Amino acid sequence: MDIVTHVQTFVAVVRYGNFSEAARHLGVVPSVIAKRVSQLETELNTKLFERTTRRVTVTEQGEKLYARATNVVAEFEELVRSVERDEGKPEGHLKVMAPTTLTMTQLGQVFCGFLQKNPGITLELTLEDRSTNPSEGGFDMAISGRAASYEGVVDVPLRPVKPLLCASPSYLRAHAPINHPRDLADCACLVFSATGRNWTFQSSRGTLSIDVHPRLLADDNHTLLQAAAAGLGVALLPYYIASEAIAAGELEILLPDYAPQENWFKAYVPRRRMGVQRVKALLTYLQDNWVT
């Protein structure tokens, strides 16, 4: 059995969702795809897909295989291409994880621009609002603004995250003035769970950290934005989330002399993928074209 071809076929079926689309991309007929998958299942002694007349659904064992196989197939295809010809325009498939809100507001158009510039690349984009090891999901890259470190993964800084301390005019009218970060200890605070309950500020006198009490603790900044605009409390929001509400007068910036501590959006790339041409091309494009 040609195990490499059959694993490539299996990855294509998962990626494209059915035998017909996989066949079209691989340049064969659907019956060939079905035969290869069946032979792979026999060799592995496990069922990889649940099949009906209308759809193909990957099994739990199939998902486990796909998580590991997608990287193996990508590396094999990259090796073949590097032997066949000199590197020119990047080609191949990229699997990327990125935050939902950030992609909807900014990164989506950046990814589209990258694909327009590189017609030989296909992109599989997963929107996920958590920090995760890209190697475990078979990703070429994960983009995140959350501090993380993984063995065998390189983190590449892309853009700083500029946070703003803000609240609605209605909240500020109804509560005591906020003149110093320590006043936040007595405020209803709207807290991004990944940032945590300890807020850090920079001033002319150095760094100041304050433990705040969440009125709302959420894992989504858009939810916190809506809560802040509704007058529910004080929020520490990224500029790209809060800027429109501030411009519209729905939120006001607080404590301009105490800058909230910045962190960075980073690309987390498995070390073994750092030398892959299309991965390097995406990193360079993000660094040159993503403006926060």
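**Figure 1. Leu-115 and what it touches.** Leu-115 makes contact (heavy atoms within 4.5 Å) with Ile-121 and Leu-123, if you skip residues up to four places away in sequence. This is a predicted model, in which local features need pLDDT of at least 70 and side-chain atom pairs count only at pLDDT 80 or more, while totals for chains, interfaces and linings use all residues. Residues are numbered from 1 along each chain as its sequence is written, and side-chain values use heavy atoms, with hydrogens and water left out. You'll find Leu-115 in helix α5, residues 100-117. Helices (H or I, at least four residues) and strands (E, at least two) are DSSP runs, numbered from the N terminus. Leu-115 has a relative accessible area of 30%, so it counts as partly exposed. On that scale, buried means under 20% relative accessible area, exposed means over 50%, and partly exposed is in between (1.4 Å probe, protein chains only). Gln-202 is 87 residues from Leu-115 along the chain, and their C-alpha atoms are separated by 39 Å.

**Figure 2. The whole protein, for orientation.** Of the 292 residues, 44% are buried. Take the contacts with a separation of 6 or more: 73% of them come from residues 24 or more positions apart. The accessible surface (Shrake-Rupley method with a 1.4 Å probe) comes to about 15,400 Å², and carbon and sulfur atoms hold 49% of that. As for charge, the protein has 30 positive and 32 negative charges, with mean positions 2 Å apart. Lys and Arg count as positive here and Asp and Glu as negative, with His and the chain ends not counted. Each charge is placed at NZ of Lys, CZ of Arg, CG of Asp or CD of Glu.

**Figure 3. Phe-111 in the largest nonpolar core.** The largest nonpolar core has 40 residues, and Phe-111 is among those with the most contacts inside it, along with Leu-107, Met-141, Ile-143, Leu-237, Leu-282 and Leu-286. (A nonpolar core is a set of buried Ala, Val, Leu, Ile, Met, Phe, Trp, Tyr and Cys residues joined through side-chain atoms within 4.5 Å.) Setting aside residues up to four places away in sequence, Phe-111 touches Val-96, Ala-98, Leu-123, Leu-125, Ile-143, Leu-282 and Leu-286.

Figure 4. Phe-139 sits in the loop between β4 (121-127) and β5 (141-144). With a relative accessible area of 7%, Phe-139 is buried. Its partners, not counting residues up to four places away in sequence, are Asn-71, Lys-95, Val-96, Met-97, Thr-126, Pro-134 and Pro-270. Asp-140 pairs with Arg-273 in a salt bridge, the closest N and O atoms being 2.8 Å apart. Asp-140 is in the loop between β4 and β5 and Arg-273 in the loop between β15 (263-270) and α9 (277-289), so this pair links parts that are 133 residues apart in sequence. Both ends are tucked away: Asp-140 is buried at 3% relative accessibility, and Arg-273 is buried at 0%.

Figure 5. The whole structure has six salt bridges, each a side-chain nitrogen of Lys or Arg within 4 Å of a carboxyl oxygen of Asp or Glu. In one of them, Arg-15 meets Glu-124 at 3.9 Å, N to O. Arg-15 belongs to helix α1 (residues 3-16) and Glu-124 to strand β4, so the pair ties together parts 109 residues apart in sequence. Arg-15 is partly exposed, at 23% relative accessibility. Another bridge joins Arg-24 and Glu-21 at 3.0 Å, N to O. These two both lie in helix α2 (residues 19-26), three residues apart, about one turn of the helix. Arg-24 is exposed at 57%, whereas Glu-21 is partly exposed at 27%.

**Figure 6. Arg-36 in helix α3.** Arg-36 is part of helix α3, residues 30-44. Its relative accessibility is 19%, so Arg-36 counts as buried. Apart from neighbours within four places in sequence, Arg-36 is in contact with Thr-5, His-6, Thr-9, Leu-26 and Val-28.

**Figure 7. His-180 in its loop.** His-180 is in the loop between α6 (169-174) and β8 (189-192). At 16% relative accessibility, this histidine is buried. Leaving out neighbours within four places in sequence, His-180 contacts Leu-208, Leu-255 and Tyr-258.
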